[in-house]
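Hi,

Here is the structure I said I'd pass on.

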Amino acid sequence: MKVSYYPGCSLHATGKEYDESMKAVSRALGIELKEVEDWSCCGASSAHSTNFDLSIALSARNLIAAEKDAMDVMVPCAACFNRFKMAEHHLKGDKSLKTKIEGVVGAKYQGGIAIRNPIDIIYNEIGIDALAAKVKKQLTGLKPVSYYGCLLLRPPEVCEFEDYENPFMLDKMMGALGADVKNWSYKTDCCGGSLSISKTKIVVNMVDKLMKAAREAGANCVVTACPLCMANLDMRPSKGLKLPIFYFTELISLALGVEGAPETLKSHMFDPRPLLSELKLI
Amino acid sequence: METFLEEVNKRIDGVPLQSCYHCRKCTAGCPAAPYMEYNPNKVIKMIQNGEREKVLNSSTIWLCLSCETCITRCPNKVDIARMMDVLRQMAIESGIGAKEKNVLKFHEAFLAGIRRGGRINEPMMMAEYKLKSLDLFSDVLLAPGMFLKGKLALLSPRTKDMKSVKDIFEKTRQL
């Protein structure tokens, strides 16, 4: 299949491992990506916290750009995904807002393409069986807890993610790779998001709680699908509480035996390679 | 003259806040509630009581993480996350500003970054935030490691059609 691809700002900087592994996994699974032409930032928390119209218009500019290619748009960053779905929700539900925003952006919004996150695309389009059939290296000994965070799931009427209080798609995917997925109650808790910079202590408290809960569940690592969660979980936990954190795409590319798959692991702030070497996975 | 409650309800443009029957599911699920001055459901009560200054000048509205757990679990579908956005915007517009000054300064630095290049360049955005907040020394020990790992690129591609981005900022300022 072929989809439009909106990387967003994080995937070109602190979340570059997600971008690289996403592209590698897409190649391996036969998903062709076409980057949205001349995209701009989705506005993230900062726009909707301070100016509603600005938040809708910044996302609408990108949705309109993606519509030119008339394909579903894949949005790996959970924050961008959430903002796009939120803009779509408001633009489809409020005609006068739509007219106003089209005036701001200077182009018409059709609303004809689906905004999709890669978990949904891999789970529903490729399928768990097809994914399992491509595994070359079982991730034996890896015990992840799946961490979905907030922005892929909520609000449910907007995000349309399956089973938003107890999601399972990442868990099943990791299971298909041979990992021993642990269950826990913190799948959908918040990591502290953008308060990481301005209210660091609060975020440290929040991620410490997550790290303790993951250990209690018997996990030796955490798997995520959000560059904000990755940044907070990878950098903010207190000394002694840190665990290796992976993008789900990094683990898929490792299991699929994609050449150069361990490369992205080098740039994690908390090095996950000792765990993987111990388990003889790299 | 509109009451505070009428004004907030109009801006939320959804389920009216009076639908809240204070079951406190929002507060129970709120990850930021332990750090807030007033719990989310208490804010609704305060709006009903017309306590405009107290609400707009509270830390609560700036510590809300927009994780949307409250609206997800509210039995009456009161959009508390949207209410927090509305209250933040009212605090800015009314000149009260932000009780949690650095949270707003971070947002300003972030938006200035979009206005400058269409996309966020993280080192530039962080430098701007540090100058605005004068919080110069936190995280300085993280930066060298991040540079070495290639996570902080000083030069990153920008949006080419910057006029369209700048127009969005100009036009939404007057709305």
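Before the notes, one convention: I call two residues in contact if their C-beta atoms, placed from the backbone, lie within 7 Å. Also bear in mind that this is a predicted model.

On that basis, chain B puts 46 residues in contact with 47 residues of chain A. On the chain B side, the elements giving two or more residues are helix 6 (69-73), helix 7 (80-93), helix 8 (101-117), helix 9 (122-133), helix 10 (142-148) and helix 11 (162-173). By class, that side of chain B has 21 nonpolar, 14 polar and 11 charged residues.

Helix 3 (residues 52-67) of chain A packs with helix 11 of chain B at an angle of about 160°, their axes 9 Å apart. Angles over 145 degrees count as roughly antiparallel, so that is what helix 3 of chain A and helix 11 of chain B are to each other. The crossing of these two helices is right-handed. Chain A contributes Asp53(A), Leu54(A), Ala57(A), Leu58(A) and Arg61(A) to the contact, while Ser164(B), Ile168(B), Phe169(B) and Thr172(B) come from chain B.

Now for chain A by itself. Its domain assignment gives domain 1 (2-116) and domain 2 (130-278), with 23 Å between their centres, taken over C-alpha atoms. Here 22 residues of domain 1 are in contact with 25 residues of domain 2. Helix 1 of chain A supplies the largest share of the domain 1 side, nine residues. That side of domain 1 divides into 11 nonpolar, seven polar and four charged residues.

Cheers

Conventions. Residues are numbered from 1 along each chain as its sequence is written. Chains are lettered from A and ligands numbered from 1 in the order in which they are written. This is a predicted model: local features need pLDDT of at least 70, side-chain atom pairs count only at pLDDT 80 or more; totals for chains, interfaces and linings use all residues. Helices (H or I, at least four residues) and strands (E, at least two) are DSSP runs, numbered from the N terminus. Ala, Val, Leu, Ile, Met, Phe, Trp, Tyr, Cys and Pro count as nonpolar, Asp, Glu, Lys and Arg as charged, and the others, Gly among them, as polar. Domain bounds come from an automatic or database domain assignment. Axes are lines fitted to C-alpha atoms, for helices over the stretch in contact, and angles run from 0 to 180 degrees between N-to-C directions. Angles under 35 degrees count as roughly parallel, over 145 as roughly antiparallel, 65 to 115 as roughly perpendicular and the rest as oblique. A crossing is left-handed if the near helix is turned anticlockwise from the far one by less than a right angle, and right-handed if clockwise.
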